[in-house]
Amino acid sequence: MINVTNPATGALISQVLEHTEDEIKAKLENGEKAFETWSSINAHARSRLLRNWSAIILKKKQEIAEVMTLENGKLLKESLGEVDYAVSYIDWYSEEAIRIYGRTVPASAESKRVIISRNPVGLVAAITPWNFPAAMMTRKAAPALAAGCTFIIKPAEETPLTTMKLIELAHEAGIPEEVIQYVNGDGAKIGSLFTESRSVRKLTFTGSTPVGKLLIKNSAQTVKNVTMELGGHAPLIVAKDADIDFAVKQTVLSKFRNAGQTCICANRVIVHEDILDAFSEKITEAAAGLQVGNGLVEDTDVGPIINKKGFEKIKSQINDAVEKGAEVLTGNAYSANEEKGTYFVYPTVLKNTERDMTIMQEETFGPVLPIISFKELDEAVALANDTAYGLAAYFFTNDYRVGTYLHDHLDFGIIGWNDGAPSGAHVPFGGMKESGLGREGGAEGIEPYLETKYLSIGNHM
Ligand SMILES: NC(=O)C1=CN([C@@H]2O[C@H](COP(=O)(O)OP(=O)(O)OC[C@H]3O[C@@H](n4cnc5c(N)ncnc54)[C@H](OP(=O)(O)O)[C@@H]3O)[C@@H](O)[C@H]2O)C=CC1
Ligand SMILES: O=C(O)CCCC(=O)O
């Protein structure tokens, strides 16, 4: 039995049954069998079913958002926003379903004809994290179903309820039960069942880089197609000419959304030395003004940290920075109750941070903003690229030459130029280097669910 608790209060919300190995194997078999029928239904019918699904979700928006806030801790307004965001993937891919085009190619002989078609890969298995329990699910399920694949998901143990609700609504919308399924239980155990299974033809994962690496390795056994959306360590550069007030607002948006527990959150702020003091002062004032608390309370700006492991990681990064000489401008304050299992971190701004501090090397996943300064643009680029990660990067400048230079030289899959919120269903989300493989969203996001089949017809007149 999995206990699902509210990270803001420690209260038990629900108990969820763990699936046994036999049950999981049976679901994989059912998903593989259902693929034959689902993939042969015409694309317009699949598109209509996806639209039904999104309409039903929207009708239950408030209920789903409340469940999400209870199990994840994020602000209710963020949960409501996430339901819309999750639905936008279903809507986008309901439209892509009817635009999966093949090609004809001129043959090399008069007696031949060549046709290239795009076909669904088969049963898709997904493993998702707790930080976006709705959107990370639909960002994978919607393109998979649109392409004609069947789908099975293992949500994070902290947040299974939102996923289970969305799947219940998919069935209510008319999508057959075996076409979209969930299983609950331990990540490592279910991960092995997914990677070993020959029924699963594609694995899609969002989560930490070490688990992603393990899944890539284990997927080699059956040569599975994989999509990996892993950790990030986003730099945010503020150039000398930037509009400081605007940059501060956008940095707050990027950094403190979801209490900093987002893989594209700004993780290091790199500020030109001429505006360092002005920027630091304004961002400190903004961060210090944020209310920390229960996401169900109207005025809250920053909710709880998901669990003790996350809390300890954040705290140790702050301690390490302070021991190595960082100055605390605000924060480095906590409210934790071990007995209840509730952990809050007050928005923290650190100045005089250095490259050798852990916080400048690793993903934080918390509301902590370390600031480092630069003089020349090359120095900012070197600092920004000095990481194994390559997911998102941000910069603020109104000088088109500075902006173009930064865009050309930053090794990241997502770039926000004067934009702290670049995500959307219509754009390709994903990272370079150890931040992952493949893209989700946009026209690119359906590609990983499609195989190319080429037909050569001979003996024509
Ligand atoms: N890219 C992103 O959006 C995310 C990045 N992270 C990063 O990872 C850090 C740790 O967070 P954490 O929640 O532990 O992340 P994990 O990568 O451990 O968990 C994410 C998902 O993977 C599952 N999982 C865990 N271990 C395995 C395994 N061996 N094989 C297959 N699946 C597995 C989890 O299941 P279960 O719940 O059963 O453990 C969960 O569903 C965060 O602080 C953050 O830095 C975390 C979440 C999302
Ligand atoms: O992996 C994450 O942290 C979720 C991505 C959030 C987004 O799509 O903006």
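This is a predicted model: local features need pLDDT of at least 70, side-chain atom pairs count only at pLDDT 80 or more; totals for chains, interfaces and linings use all residues.

User: Is Glu229 buried or exposed?

Analyst: Glu229 has 27 other C-beta atoms within 10 Å. A residue counts as buried if 20 or more such atoms lie within 10 Å of its own C-beta atom. Therefore Glu229 is buried.

User: In which strand does Glu229 lie, and which residues does Glu229 touch beyond four places away in sequence?

Analyst: Glu229 belongs to strand E9, which covers residues 225-229. Leaving out residues up to four places away in sequence, the contacts of Glu229 are Thr206, Gly430, Gly436 and Glu440.

User: Which residues does the UniProt annotation "active site" cover, and what is the largest C-alpha distance?

Analyst: According to the unreviewed UniProt entry, the annotation "active site" covers Glu229 and Cys263. The two are spread over 35 residues of sequence, yet they cluster in space. The largest C-alpha distance is 8.9 Å.

User: Where is Cys263 found, and is Cys263 buried or exposed?

Analyst: Cys263 is placed in the loop between helix H9 (244-256) and strand E11 (266-272). Beyond four places in sequence, Cys263 touches Gly231, Gly232 and Leu391. Because 27 other C-beta atoms lie within 10 Å, Cys263 is buried.

User: Which residues are around ligand 2, and why does ligand 2 lie between domain 1 and domain 2?

Analyst: The residues around ligand 2 are Asn131, Phe132, Thr206, Glu229, Thr262, Cys263, Ile264, Ser423 and Phe429. By class, this shell has four nonpolar, four polar and one charged residues. Both domains give residues to the shell, so ligand 2 lies between domain 1 (2-230 + 435-458) and domain 2 (234-424).

User: Which of the residues around ligand 1 come nearest, and which elements give two or more residues to the shell around ligand 1?

Analyst: Of the 24 residues around ligand 1, those that come nearest are Pro129, Gly187, Gly191, Gly207 and Ser208. The elements that give two or more residues to this shell are helix H7 (187-196), helix H8 (209-219) and helix H11 (308-323).

User: From which domains does the shell around ligand 1 draw at least three residues?

Analyst: By class, the shell around ligand 1 has 10 nonpolar, nine polar and five charged residues. At least three residues come from each of domain 1 (2-230 + 435-458) and domain 2 (234-424).

User: How many residues of domain 1 are in contact with domain 2, and what is the class make-up of that side of domain 1?

Analyst: The centres of domain 1 and domain 2, taken over C-alpha atoms, are separated by 31 Å. In the contact between them, 16 residues of domain 1 meet 21 residues of domain 2. By class, the side of domain 1 that touches domain 2 has five nonpolar, eight polar and three charged residues.

User: Is Leu410 buried or exposed, and how far apart in space are Leu410 and Asn385?

Analyst: Leu410 lies in the loop between helix H13 (400-409) and strand E19 (414-417). With 20 other C-beta atoms within 10 Å, Leu410 is buried. Its contacts beyond four places in sequence include Val381, Asn385 and Ile415. Leu410 and Asn385 are 25 residues apart in sequence, and their C-alpha atoms are 6.4 Å apart.

User: What separation do the C-alpha atoms of Ile116 and Ser456 have?

Analyst: Ile116 is in strand E4 (residues 113-120). Ile116 is partly exposed, because 13 other C-beta atoms lie within 10 Å. Along the chain, Ile116 and Ser456 are 340 residues apart, whereas their C-alpha atoms are separated by 8.8 Å.

Notes:
Residues are numbered from 1 along each chain as its sequence is written. Chains are lettered from A and ligands numbered from 1 in the order in which they are written. UniProt positions are given in the numbering used here, feature names are shortened, and annotations may be inferred rather than shown by experiment. Helices (H or I, at least four residues) and strands (E, at least two) are DSSP runs, numbered from the N terminus. A residue is buried if 20 or more other C-beta atoms lie within 10 Å of its own, exposed if 12 or fewer, and partly exposed in between; C-beta atoms are placed from the backbone. Two residues are in contact if their C-beta atoms, placed from the backbone, lie within 7 Å. A residue is near a molecule or strand if its C-beta atom, placed from the backbone, lies within 6 Å of it. Ala, Val, Leu, Ile, Met, Phe, Trp, Tyr, Cys and Pro count as nonpolar, Asp, Glu, Lys and Arg as charged, and the others, Gly among them, as polar. Domain bounds come from an automatic or database domain assignment.
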